[in-house]
Amino acid sequence: MILETERLILRPLMLSDAPLMRELAGHSDIAATTLHIPHPYPEGAAESFIESLAESAEKGSNFTFGIIHKRDAQFMGMIGIHPVAQFDRAEIGYWIGVPYWGQGYTSEAARRLVAFGFEELKLHRIYASYFIPNTASRRVMEKAGMTYEGTLRQHVKRFDRYYDLGFCGILRDEWEARQT
């Protein structure tokens with residue numbers, strides 16, 4: 001499955017993405033703003049991660065895409081949506097390489113993924129979380145139409161430090177109202 005925006009292609013990850021994925025995800029600023037990306041980024045981890053995605057995509061429990069620039073087919077980062085069918089909801093998550101920060105690429109990808117969630121997956125609710133210090137991630141969520149919903153205090157531990165998590169979300173009727 002391939003999704004497109006004005007500047008981007010969102011497509012399944014390929015093993016050929018692994019070297020650049022490791023390079024970009026291996027930056028300490030990426031690890032500092034995400035919950036699950038290791039630092040230092042281990043050799044072979046990108047390949048293992050990419051290979052693990054096929055089964056979960058077939059089950060419909062995870063749709064993870066590489067963020068690819070249309071102009072030069074450059075891998076820039078990742079974005080995913082993780083549905084929970086029982087509740088008709090999904091969480092989105094993303095990261096983009098430091099050289100691409102501040103250029104609107106992640107917001108563009110997130111808007112497209114939210115549309116995919118409501119149009120194709122028929123979800124009722126989509127949400128995302130962010131480390132409270134990461135205000136750029138919150139802005140991505142807001143640009144994708146989400147509204148701040150609250151904070152869970154010291155909800156996660158990362159690199160021996162507890163972090164508050166902010167949550168943003170959007171409901172189907174809110175998204176539909178913005179489409180007219």
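These legends describe close-up views of strands and salt bridges in a predicted model.

Residues are numbered from 1 along each chain as its sequence is written, and side-chain values use heavy atoms, with hydrogens and water left out. In this predicted model, local features need pLDDT of at least 70 and side-chain atom pairs count only at pLDDT 80 or more, while totals for chains, interfaces and linings use all residues.

**View 1. Strand E4 and its two antiparallel partners, E3 and E5.** Helices (H or I, at least four residues) and strands (E, at least two) are DSSP runs, numbered from the N terminus. Two strands pair if DSSP finds at least two bridges between them. Strand E4 covers residues 75-84, and eight of its 10 residues are buried, so the rest of the structure largely encloses E4. Buried means under 20% relative accessible area, exposed over 50%, and partly exposed in between (1.4 Å probe, protein chains only). E3 (residues 63-69) meets E4 over six bridges. Eight bridges join E4 to E5. Met78 is the bridge partner of Gly66, and Met78 also stands opposite Trp95 in E5.

**View 2. The turns on either side of E4.** Five residues separate E3 and E4 in their hairpin. In that turn, Ala73 has a positive phi of about 60 degrees. The hairpin of E4 and E5 has four residues between the strands. There, Asp88 takes a positive phi near 55 degrees.

**View 3. Strand E6 between a parallel and an antiparallel neighbour.** E6 spans residues 125-131, and five of its seven residues are buried. Three bridges join E6 to E5 (residues 89-96), and these two strands run parallel. The chain passes from E5 through helix H4 (residues 105-119) to E6 in a right-handed β-α-β crossover. Right-handed means that, with the strands pointing away from the viewer, the path from the first strand over the helix to the second runs clockwise. Arg89 has Arg125 as its bridge partner in E6. Seven bridges link E6 to the antiparallel strand E8 (residues 161-171). Ala128 stands opposite Cys168 in E8.

**View 4. The salt bridge of Glu108 and Arg7.** A salt bridge is a side-chain nitrogen of Lys or Arg within 4 Å of a carboxyl oxygen of Asp or Glu. The whole structure holds eight. Here the N to O distance is 2.7 Å. Glu108 lies in H4 and Arg7 in the loop between E1 and E2, so the pair ties together parts 101 residues apart in sequence. Glu108 is buried, at 10% relative accessible area. Arg7 is partly exposed, at 25%.
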